[in-house]
Structures are given as C-alpha cells and as structure tokens.
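Colleague: I am new to reading models of this kind, and I would like to go through one slowly. Could we look at it together and ask what each term rests on?

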Amino acid sequence: MIVPGLSRVMFAPLATLLFLSLNCLAVVSAKIGTLHRRQYFYVGQSYVGQGNSSIADGQMYVEHLIPAKVSQPFPLMMIHGHDMTGTNFLNTPDGRTGWADYFLSKGYEVYLVDQPARGRSPYQRDIDGITSTNTTFIVESRFTAPERFKLWRQASLHTQWPGNGSMGDAVFDHFFASTTPSLESDITTAEKVKAAGSKLLDQIGPVILLVHSQSGQHGWLLGDARPSLIKGLISIEPKGPPFIEAVFSNTPSRKFGLTDIPVTYSPPITSAADLGPVAVSNDSFTCFQQRSPPRKLINLAQVPVLMVTSEASYHAVYDDCSVQFLQQAGVSVEHARLPDLGIHGNGHMMFMEKNNLQIAEDVLEKWISKTIHH
Ligand SMILES: *[C@@H]1O[C@H](CO)[C@@H](O)[C@H](O)[C@H]1NC(C)=O
Ligand SMILES: *[C@@H]1O[C@H](CO)[C@@H](O)[C@H](O)[C@H]1NC(C)=O
Ligand SMILES: *[C@@H]1O[C@H](CO)[C@@H](O)[C@H](O)[C@H]1NC(C)=O
Ligand SMILES: *[C@@H]1O[C@H](CO)[C@@H](O)[C@H](O)[C@H]1NC(C)=O
C-alpha cells in the first residue's frame, strides 16, 4: 500500500539530490527560515461576461504565512513593486532568509500578495490592457549593478548586491528569472490594487502595511481608503518624486501628488490642477510641491509613515521631495536615510541585498516597536 504522505517523505532525499544537481541555491533556501503554516486565497474578483458565460478579473493572490507562535497584535501585509511579485519577500535570490521570514521569527503573521494581473493573479488580456517587461539593461543599471553604469551621483556607492549584479552571475540570473511583465498603465494598476487591497484590508485588518517602489503609490491610496485598518505604513523607496519623473526623464507624472488617481484632500479639489504644483529649488535639485496654502491629505494623515531610502539608489536623489510633500500635506512621516543610520551601500532592492536582515531589525522592527501600539 502506498501512503501518499509516507511516499513523499521516502522520496525526499532523491528529490533533494535532483534539485542539488540542477540548482544548489534552491536547496540552501529550503533549509533556512522560520517554521510556519501557509494558506492562500484570492480577494477582489468580479465576473465579466464573455459570450453566454463569464470570466473572473481583478482578483489578487494572497499568501498568508503564520508562525508557530503569533506574538504580535498586527500582521504585516507586503506589496511588491513593478516587475516583481510576492517572492520578493521570501528567500533572497542567493538563498538567504528574506524579510517575510525575519518577521515570522519575530512573531508576526505575514500576508504577501501578487498584484492583480501579475504572477499568480490571473492576467486577462482583453480586460487588463497591455503589459511590458524591463530588460536586463534596466535591471542591471537601476537595481543590481548601478555602480557600473553610474546613471546618478550616488550609484557608485552601491556594494550590497550579492554577486556582480549582471547577466551570467548565478544570483542575478535567479533574480532576473523572477521578474515578470507588468501592466503598462500605472492608472489601471493603481485602481486594481486599491480595489483588491481595500477588500483584503476589510478582511484581515488592522495591519502594518509595507510597500516598495511602484506599490508606494498603492500605500498612499490604501492609507487614504482604509486609514483605520492601517496601523503603520512602511514605504520602501516609494515611486516619486511628486508631480514629475526624475533621474531617467522629467515628464509630468502623478498629477495628484504621489498618485496617478485621486486621493482625499481637504479642502476638496475639483481637479488635479487645484494642487499647483510649484517648483521649490535648492542648489542641486528642484522639487515640486502644492501651491500655498497646502491642502491636507486628511485620511492618510491618520496613518504613521516610515519612509526608507538607501544610500546608492536613484531614490537617494529625490525621496526628500516626497517626504516634504507629505509633511506639507499634514502626514506624519519619519524618513530613515540608511547612510545616516550607519547602513551603507544599499540600492533599490535592499530587502534582498546582503544586509537585508540588518535593515529589517535596526530600521523596520525598531520603528514598529517604537511607533505602533495596540
Ligand atoms: C454558450 O455558447 C457556446 C458557444 O457559442 C455554446 O456552445 C453553448 O451551447 C452555449 N450555452 C448556453 C447555455 O447557451
Ligand atoms: C522598469 O522598471 C521601472 C522601475 O520599477 C518602472 O518604472 C518602469 O515602468 C519599468 N519599465 C517597463 C518597460 O516595464
Ligand atoms: C558577472 O559574473 C559572471 C559570472 O562569473 C560573468 O560571466 C560576467 O561577465 C560578470 N559580469 C560583469 C559585468 O562583471
Ligand atoms: C536639495 O534638495 C534635495 C531634494 O529635496 C535634497 O535631497 C538635498 O539634500 C538638498 N540639498 C541641499 C544642499 O540642501
């Protein structure tokens, strides 16, 4: 008789050997981390008529990780950025422990999502719009090996990526394999994440929300839509700066400040043009802010925010503008500039770089325990 559970155990060494010969990084990662239970579910789908039947669209994949002993009152919900999926926060591409495991080890439940139309969240070609994918050039020059391209001043300080950050290096190849096509429209993406994310918060909140890069925008939108369900917002190099692109182009963008779709201002706006924007310059950089007197982001202002910026990322150039914009709009934001805290050499993908756990412990967890109370 074959007992399914038993046969799996018996064959485990064989499977391990096969894996080892194919790919030793995967085996290393299988042996590290925090023991936990896992559950997945989908949230936010709607049925869309197709002929005389229906398909589902807009649903978001959610992975719920539960440590053996939950000792923290609020779970962490993490949303990845452009080109990425929830795998960002599992193990690192070189097989070390990621941020999800770190927080599990501290007694937090963790929710990881794949944004709608990406990864394990189904993409419906006829409804969701076109997708695009970043090339190795973009990924190497902006994220994994900026020190070789020096597209901005701080890039040469980058030292924390494991490996040389370029094609042919096993860690880079692993990471690049995990990148995925993303919807080209930031507006559609924002609408979809806001809709599914609000439903998820209604189901699991209150949470501590962690966002990165593209999902920086989603953090502001969810904080606006569900302020009482977000105890704290950790924003890792959120998409910015306000009102305009920077470093790689200077086209107008994010016409509602840090978002492409409306957020709640007080006094209310009738159109995005009511916000200004006006240029505020110093010797080295021009930020755009609201015209005076500034309106307040009254909902988001109820959520304490930690913004984290690394030393060598292109965000080091302009995240200060985003902080100033939020403060001007009445949002309580603390800015952790990693070099000021003695943490050097990181880039935009800090949660998978060599010192990822130091950042989690010395910056994120420290801020949570200082700021968020029951
Ligand atoms: C629905 O449409 C399909 C394809 O046109 C057809 O084969 C099927 O019989 C229809 N079903 C019903 C319940 O009308
Ligand atoms: C490439 O990545 C950047 C940064 O995440 C993003 O803003 C951009 O839209 C991406 N481009 C494509 C073509 O996917
Ligand atoms: C990175 O390392 C790989 C593997 O050793 C090598 O093939 C590649 O040429 C290196 N790239 C750079 C830019 O150093
Ligand atoms: C100029 O402004 C930028 C963006 O706000 C900021 O990062 C930088 O530190 C400022 N420079 C000086 C000299 O104040």
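Colleague: Which residues are around ligand 4?

Modeller: Around ligand 4 are Asn282, Asp283, Ser284, Phe285, Cys287, Tyr318, Asp320 and Cys321, where a residue counts as near a molecule if its C-beta atom, placed from the backbone, lies within 6 Å of it. Helix α10 (residues 315-328) gives the most to this shell, with 3 residues. Please keep in mind that this is a predicted model, in which local features need pLDDT of at least 70 and side-chain atom pairs count only at pLDDT 80 or more, while totals for chains, interfaces and linings use all residues. Residues are numbered from 1 along each chain as its sequence is written, and chains are lettered from A and ligands numbered from 1 in the order in which they are written.

Colleague: How do you know what counts as a helix or a strand?

Modeller: Both are DSSP runs, numbered from the N terminus: helices are runs of H or I with at least four residues, and strands are runs of E with at least two.

Colleague: What makes up the shell around ligand 4 by class, and what makes up the one around ligand 2?

Modeller: The classes are set by residue type: Ala, Val, Leu, Ile, Met, Phe, Trp, Tyr, Cys and Pro count as nonpolar, Asp, Glu, Lys and Arg as charged, and the others, Gly among them, as polar. On that basis the shell of ligand 4 has 4 nonpolar, 2 polar and 2 charged residues. The shell of ligand 2 has 1 nonpolar, 8 polar and 1 charged residues, and the residues surrounding ligand 2 include Gly81, His82, Asp83 and Ser132.

Colleague: How do you know that strands β11 and β12 pair?

Modeller: Two strands pair if DSSP finds at least two bridges between them, and here 4 bridges join β11 (residues 278-281) to β12 (residues 286-289), which run antiparallel. One of the bridge partners is Gln289 in β12, which goes with Val278, and a hairpin of 4 residues joins β11 to β12.

Colleague: Why are β1 and β14 said to stand at the edges?

Modeller: The open sheet has 8 strands in the order β1-β4-β6-β5-β9-β10-β13-β14, with mixed pairing. Because β1 (36-43) and β14 (333-337) each have a single partner strand, one side of each is left without a neighbour in the sheet. For β1 the partner is β4 (residues 60-67), joined by 8 bridges and running antiparallel, with Arg38 opposite Leu65 in β4.

Colleague: Why is helix α8 called oblique to helix α9?

Modeller: The axes of α8 (residues 186-204) and α9 (residues 216-225) come within 9 Å and cross at roughly 50°. That makes α8 oblique to α9, because angles under 35 degrees count as roughly parallel, over 145 as roughly antiparallel, 65 to 115 as roughly perpendicular and the rest as oblique. The axes are lines fitted to C-alpha atoms, for helices over the stretch in contact, and angles run from 0 to 180 degrees between N-to-C directions.

Colleague: What makes up the contact of α8 with α9?

Modeller: Residues are in contact if their C-beta atoms, placed from the backbone, lie within 7 Å. Among those that meet are Ala190, Val193 and Leu201 in α8, and Leu221 and Leu222 in α9. The residues of this contact divide into 6 nonpolar, 4 polar and 1 charged.

How values were computed
Contact = placed C-beta atoms within 7 Å.
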